[in-house]
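Trainee: I would like to learn how to read helix packing and ring pairs in a model. Please take me through one case.

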Amino acid sequence: MHWKNIAGPRLEIIDWEGWGIGLQHQDLAFLIAFSSLDQILESRIRRVFLGSVVARSLTIAELFVTAELLCMSENYGDHPDLVPALTALGMRARDEWLA
């Protein structure tokens, strides 16, 4: 999920590329990843959802999402501006997983 999947004026979330059942918190991890260029926004999203997610499963989802998006960037040139932030996000998730 990313900002292009959010519609209004009433909040609606639409996602066609990855329909089906994914990892728990995978959509949240995508939202965090696509927001990672804005640290204030990323922190706010984490604060809003932190009470409703299991940190360990969010970490797994973040590892998956960063790997997927970095591969898409490398293979297809998608979101080149996100690469440094995604790399940092993936490293933080890796460190949390290993801690």
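Trainee: How do the axes of H1 and helix H2 (residues 39–50) cross?

Mentor: Two packed helices are described by the angle between their axes and the distance between the axes. In this predicted model, the axes of H1 and H2 come within 9 Å and cross at roughly 155°. That makes H1 roughly antiparallel to H2. Angles under 35 degrees count as roughly parallel, over 145 as roughly antiparallel, 65 to 115 as roughly perpendicular and the rest as oblique. Axes are lines fitted to C-alpha atoms, for helices over the stretch in contact, and angles run from 0 to 180 degrees between N-to-C directions. Helices (H or I, at least four residues) and strands (E, at least two) are DSSP runs, numbered from the N terminus.

Trainee: Which residues of H1 and H2 meet?

Mentor: From H1 come Leu28, Leu31 and Ile32, and from H2 Glu42, Ile45, Arg46 and Phe49; contact means heavy atoms within 4.5 Å. These residues divide into five nonpolar, no polar and two charged. Ala, Val, Leu, Ile, Met, Phe, Trp, Tyr, Cys and Pro count as nonpolar, Asp, Glu, Lys and Arg as charged, and the others, Gly among them, as polar.

Trainee: At what angle do helix H1 (residues 26–34) and helix H3 (residues 55–76) cross?

Mentor: Their axes cross at roughly 55° and come within 8 Å. That makes H1 oblique to H3. Residues of H1 in this contact include Leu28, Phe30 and Phe34, and those of H3 include Leu58, Phe64 and Leu69. By class, the contact of H1 with H3 has 11 nonpolar residues, one polar and one charged.

Trainee: How is an aromatic pair described?

Mentor: By the distance of the centres and the angle of the planes. Rings of Phe, Tyr and Trp (its six-membered ring) pair if their centres lie within 6.5 Å; planes under 30 degrees apart count as stacked, over 60 as edge-to-face and the rest as tilted. The count here comes to one aromatic pair. Phe30 and Phe34 form it, stacked, at 6.4 Å centre to centre with 20° between the planes. Both lie in helix H1, four residues apart, about one turn of the helix.

Trainee: Which elements have the lowest and the highest mean pLDDT?

Mentor: Strand E2 (residues 12–13) has the lowest, 72, and helix H4 (residues 83–98) the highest, 96. The chain mean is 87, and 90% of residues reach 70 or more; pLDDT is the predictor's confidence in each residue, from 0 to 100. Local features need pLDDT of at least 70 and side-chain atom pairs 80 or more, while totals for chains, interfaces and linings use all residues. Residues are numbered from 1 along each chain as its sequence is written, and side-chain values use heavy atoms, leaving out hydrogens and water.
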